[in-house]
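My entries follow in the order I made them.

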Amino acid sequence: MSKNYSNGNIYTLAQNRTHNYSLEHLKAEISGTGTSIIDNPALLKRANKKVITNALTLALVDVAKSNGEFDLVKKYWNTYHCQNELTGYDQRVHGKYCKNRWCATCAGIRKADLLNTYYPLLIKWKEPHLLTLTIKSVKAEQLADKISEMISKFNTLKDRCNKRHSRGKGMKLIGIKSLECNFNASKKWYNPHYHIIVPNRPMALYIKQEWKKEWNKNGNYQVSERGQDIREITNVEKGLVEVIKYGAKMLSDADPTHKRKRKRGDLDGLSIYANALHTIYKAMSHHRLYGSFGFKLSNKEKTTTNVKLVNDFQTWKYQHKYMDWVNTSTGKRLTEYDIDSKLEQLLNTCIDTELV
Ligand SMILES: [Zn+2]
């Protein structure tokens with residue numbers, strides 16, 4: 001019996017396959033809210049973040065390569081390629097995110113998500129306070145151990161206080177905490193610290209006292225009163241932004257002893273210490289930097305990402321020579337970004353990959 005392909009299943013299958021194949025190429029996957037293509041200031045910010053991230057990740061790749069840490073080399077390259085292709089749909093552009101801490105774009109999105117999650121809760125607190133908990137400055141080789149120790153000591157003190165509370169003594173600890181680390185370029189020291197927002201001053205004082213007790217027990221004096229700080233938060237949004245820095249500042253003062261009030265956008269005296277940042281990111285890997293304690297977020301308060309398939313989209317590809325995304329069919333530039341000459345100079349001359 002001869003097979004009639006034109007009427008049989010095989011023919012139908014082949015037809016369907018062709019159909020699906022062409023559909024795949026007509027659709028793009030987008031997620032998140034994206035950025036409006038008519039909001040030029042937002043697009044320029046995105047271009048600026050991409051330029052800084054690219055310069056930093058190239059330096060981080062060099063550092064990781066010279067250390068033979070090839071898993072990190074791969075992760076840094078992922079960030080270099082983050083946002084290389086944007087999908088334009090319905091007057092907005094969407095990208096795929098590398099979600100790494102050293103990516104200015106992804107860290108910015110994560111910060112905005114955290115802000116949206118925590119702001120409605122914090123605004124209900126009557127007198128929120130910002131507590132900063134530090135330990136003595138450490139050298140690069142001690143950083144990873146000290147960060148792990150800080151996390152375990154905070155958990156120990158929190159459990160102790162909560163047990164005490166369940167016996168009817170002391171208050172239940174409530175707050176939002178973030179772990180961060182600064183680098184002192186002149187002394188080559190690292191300053192890991194916690195920023196904690198609590199509902200009132202007595203709770204800040206209580207946690208500070210327990211933190212000192214935890215570190216200084218056994219006569220092992222490691223934490224001083226001077227390193228700890230408590231401040232009232234008068235502007236909840238500003239307070240939150242201060243706390244949510246996502247691990248480490250990318251741009252540091254070359255001379256941190258030279259204290260002055262830095263205005264937004266002022267780049268004088270700033271450098272990128274790639275090796276120090278690499279040390280910090282490595283020490284922080286496998287740790288969560290943000291978290292709340294004493295309360296749980298409801299599902300409504302947790303942010304979710306919707307993924308959808310769209311057709312009728314445009315593709316914008318990042319071109320390094322323009323520091324901008326270019327429309328693959330029209331050749332139009334997305335942002336018309338023009339780099340600030342001071343930033344360009346900083347990225348060309350002030351990225352330090354020296355071992356610290
Ligand atoms: Zn990214």
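**Entry: Lys75.** I found Lys75 in helix 3 (residues 70-80). Helices here are DSSP runs of H or I with at least four residues, strands are runs of E with at least two, and both are numbered from the N terminus. The model is predicted, so I noted its limits: local features need pLDDT of at least 70, side-chain atom pairs count only at pLDDT 80 or more, and totals for chains, interfaces and linings use all residues. Residues are numbered from 1 along each chain as its sequence is written.

Is Lys75 buried or exposed? Lys75 is buried, because 21 other C-beta atoms lie within 10 Å. The cut-offs I used: buried means 20 or more other C-beta atoms within 10 Å of the residue's own, exposed means 12 or fewer, and partly exposed is in between, with C-beta atoms placed from the backbone. I also checked Lys75 against Trp102, 27 residues apart along the chain; their C-alpha atoms are separated by 10.0 Å.

**Entry: the whole chain.** I counted nine helices and 15 strands. Of the 356 residues, 29% are buried. I then looked at contacts between residues at least 6 apart in sequence; 72% of them join residues at least 24 apart. A contact means C-beta atoms, placed from the backbone, within 7 Å.

**Entry: helix 8.** How many residues of helix 8 (residues 274-284) are buried? Ten of its eleven are, so I wrote it down as mostly covered. Among the buried ones are Ala274, Leu277, His278, Ile280 and Met284. I looked for their packing partners and found helix 2, helix 5 (140-166), strand 6 (175-184), strand 7 (189-198), strand 10 (270-273) and strand 15 (351-352). Just after helix 8, His286 has a positive phi of about 70 degrees.

**Entry: helix 2 on helix 8.** Their axes come within 9 Å and cross at roughly 75 degrees. That makes the two helices roughly perpendicular. Axes are lines fitted to C-alpha atoms, for helices over the stretch in contact, and angles run from 0 to 180 degrees between N-to-C directions. Under 35 degrees counts as roughly parallel, over 145 as roughly antiparallel, 65 to 115 as roughly perpendicular, and the rest as oblique.

On the helix 2 side I listed Leu56, Ala59, Leu60, Val63 and Ala64; they meet Ala274, Asn275, Leu277 and His278 in helix 8. By class, this contact has seven nonpolar, two polar and no charged residues. Nonpolar covers Ala, Val, Leu, Ile, Met, Phe, Trp, Tyr, Cys and Pro; charged covers Asp, Glu, Lys and Arg; the others, Gly among them, are polar.

**Entry: helix 2 on helix 4.** Helix 2 (residues 40-66) and helix 4 (residues 104-122) have axes that come within 8 Å and cross at roughly 130 degrees. They are therefore oblique to each other. Here Arg46, Lys49, Lys50, Ile52 and Thr53 of helix 2 meet Ala104, Thr105 and Gly108 of helix 4. The classes in this contact are two nonpolar, three polar and three charged.

**Entry: the core.** The largest nonpolar core has 67 residues. Such a core is a set of buried Ala, Val, Leu, Ile, Met, Phe, Trp, Tyr and Cys residues joined through C-beta atoms within 7 Å. Those with the most contacts inside this core are Leu56, Leu60, Ile207, Ala274, Leu277 and Ile280. Helix 2 gives the largest share, ten residues. Where does the core lie? Domain 1 (25-106 + 309-352) and domain 2 (113-293) both give residues to it, so it lies between them. The domain bounds come from an automatic or database domain assignment.

**Entry: Leu115.** I placed Leu115 in helix 4. Leu115 is partly exposed, because it has 16 C-beta neighbours inside 10 Å. Leu115 touches Leu240 and Ile244, not counting residues up to four places away in sequence.

**Entry: two loop residues with positive phi.** Asp90 sits in the loop between strand 3 (85-89) and strand 4 (92-95). Its phi is near 50 degrees. Asp90 counts as exposed, with 12 C-beta neighbours inside 10 Å. Lys188 is in the loop between strand 6 and strand 7. The phi of Lys188 is near 60 degrees. With 15 C-beta neighbours inside 10 Å, Lys188 counts as partly exposed.

Methods: Contact = placed C-beta atoms within 7 Å.
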